[in-house]
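Visitor: I am new to this structure. Could you show it to me and take my questions one by one?

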Amino acid sequence: MSTIHTALNISAGIDKNAAVSGGGGVSSLDEKLLAAGVSSEALAEAYSAKGKGGAGFFELLTRKKAIDEIPLLRILSEHFSIPFWRELPMESINIDFTQSVPIHYLKKHKMVPIITAEAQVIAINDPANFQPADDLRLLLQTQNLPMVLATQDAITAAINLAYDMSRSSAKDYFEEMSESTADDLISEISETADLLDETSDAPIIKLVNLLVSGAIKDRASDIHVEPYSGNLKIRYRIDGILYNILSLPRRIQSPLTSRLKIMAKLNIAEKRLPQDGRIELKIADRLVDVRVSVIPTAFGERVVLRLLDKSGNILMLSDLGMHDERIKLLNRLIKSPYGIILVTGPTGSGKTTTLYAALSTINRSEINIITIEDPIEYQMDGVGQIQVNPKIDLTFAAGLRSIVRQDPDVILIGEIRDRETAEIAIQSSLTGHLVFSTLHTNDAASAVTRLIDMGIEPFLVTSSIVAIIAQRLVRVLCLHCKEVYTPDEETLANLGLNLSVLQNNTFYRKKGCNLCMQTGFRGRSAIFEIMVVDDNIRRLVLKTSDANQINELAVMQGMITLQQDGIQKVMAGITTTEEVLRVTRSLNRQDDIVQET
């Protein structure tokens, strides 16, 4: 018997009565747990519940919050002489095991084989659960794989990554299928769609699954299915930019669209009118809400899928990429007792994320927060959330009238789309409520002009608006491949800079590597301008609604513009000059379409 098994057998017979009484029979492991702050009652309760519902002794201790997972694993590492790895090496991991070991088996027993050039181990979370580890060795035909301890999160992340990497892409799958004749392929797909076959082996179903899972793996926010005269294009929007992913034969368009419409519970027979639907998916441990939009075009129905990761964590204000001074300013603004705070920007610029970061900052048990949204993008404990449903006349305006009768302190309106919603929002703010909302304008000053254009009286705008925040998202340079360079004078001039800034600042540009899909960017960060509506701006708005004059006054009073905030991020090495110019200037959308590399 191995040393590990001997140690486990010795410790497995810990006497729970001795543990509780504190007698001389207490084992060294119990002593270490008690010394770490685990109560004798918690130990006794874990012993009595061990095995119920499949949970082990050590998992029960952490589940009942008797001890945190990492301190527990450090104790177990010392006691059983098994190394504890805080992080698992996932670069260049061998994923061959995914072909012979079911994913649910590894997740059930919380273990994963880590086989790289530097390490060959089995990462486990519970050292007492050694039998599944022995079985895994047999499956892998490697009897000498040592064990290491790792957290449940690290093991789950490693499992998901390995099986994601092993799953072929939609492009690979289609190329493999194309080895047969094209006619046979299309025939097989068409028959499956017509029969509404729900088995995962059906080609069209597998193709759709690979498209969606591939998009999530590539961090895409949207999937575009676009029919043209000669082919069917599949594009992903990643970090705000569209990438051509796949080109399929034109004949696949009808069955592919039908499959997506079936998943979204839409009418597959209706091909003349636009339709909107929704799909709820679970991929690995992630819940994904998919909004489906179908419109008729000259060459067939065009489908766009918007992917919302519901398992994503709500960000805090400090996570948005603001400078400390502006975080302090925003913290002060969102604690106003009443008034309206607007966030402006184009679709997909992160407005809702910013609003929820503000809500999470002020969310307390003594405050009643109610939201009305379309769609509900984040789930937040302690907040009442209403989904807009125009089919039953539950619009922003109608829902808002009911919300004000629910005794709210804070109201979040997903978007001010019309005069009626704007009027109710303003009346709510004037009667003692703090209102958050979004508006589609180019900058902060234009929001005032937009509200007045809707028909809102200037005196109501000035008496209700507390602040207006404009924002954009810029792509963040990949940390692994960005390179230093010296920008030319013309590039600096476009940002309003001169050559003197090169003396004390380092500029970076994109390069491209496997980790960033050769784009040079990975992730996005926000740039902001915050216009506080003070007495000077109020007096100007009562005289004129000219956005240029309002903006000039705000800048004179110290407002940092979107471009100035972007320049600060360029000098900090976060993004590039081209990115800042792309999002702060009006560019042709065609510039955002990148060909497949």
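Visitor: How many of the 8 residues of strand E4 are buried?

Guide: Strand E4 covers residues 220-227; strands (E, at least two residues) and helices (H or I, at least four) are DSSP runs, numbered from the N terminus. Buried means under 20% relative accessible area, exposed over 50%, partly exposed in between, with a 1.4 Å probe and protein chains only. E4 is mostly covered, and its buried residues number 7.

Visitor: What kind of model is this, and how are residues numbered?

Guide: The model is predicted: local features need pLDDT of at least 70, side-chain atom pairs count only at pLDDT 80 or more, and totals for chains, interfaces and linings use all residues. Side-chain values use heavy atoms, without hydrogens and water, and along each chain, as its sequence is written, residues are numbered from 1.

Visitor: Which residue of E5 stands opposite Ile223?

Guide: Two strands pair if DSSP finds at least two bridges between them. A hairpin of 3 residues joins E4 to E5. Opposite Ile223 stands Tyr236.

Visitor: What is the bridge partner of His224 in E9?

Guide: E4 also runs antiparallel to strand E9 (residues 300-309), joined by 4 bridges. In E9, the partner of His224 is Val304.

Visitor: Which residue caps the N-terminal end of H17?

Guide: Helix H17 spans residues 419-430. A side-chain oxygen lies 3.4 Å from the backbone nitrogen of Glu420. The residue that provides this oxygen is Asp418.

Visitor: Which residue with positive phi follows H17?

Guide: H17 has 12 residues and reaches 16 Å from its first C-alpha to its last. Its buried residues include Thr421, Ile424 and Ser428. After the helix, with phi near 100°, comes Gly432.

Visitor: Why does Cys478 count as buried?

Guide: Cys481 counts as buried because its relative accessibility is 7%. Cys478 counts as buried too, because its relative accessibility is 1%.

Visitor: How many disulfides does a search of the whole structure find?

Guide: A disulfide is a pair of cysteine sulfur atoms within 2.5 Å. The search covers the whole structure, and the count is 0.

Key:
The expected span of a helix is 1.5 Å times one less than its number of residues. A polar contact is a pair of N or O atoms within 3.5 Å; within protein, one must be able to donate a hydrogen and the other to accept it, and residues adjacent in sequence count only if both atoms are side-chain atoms.
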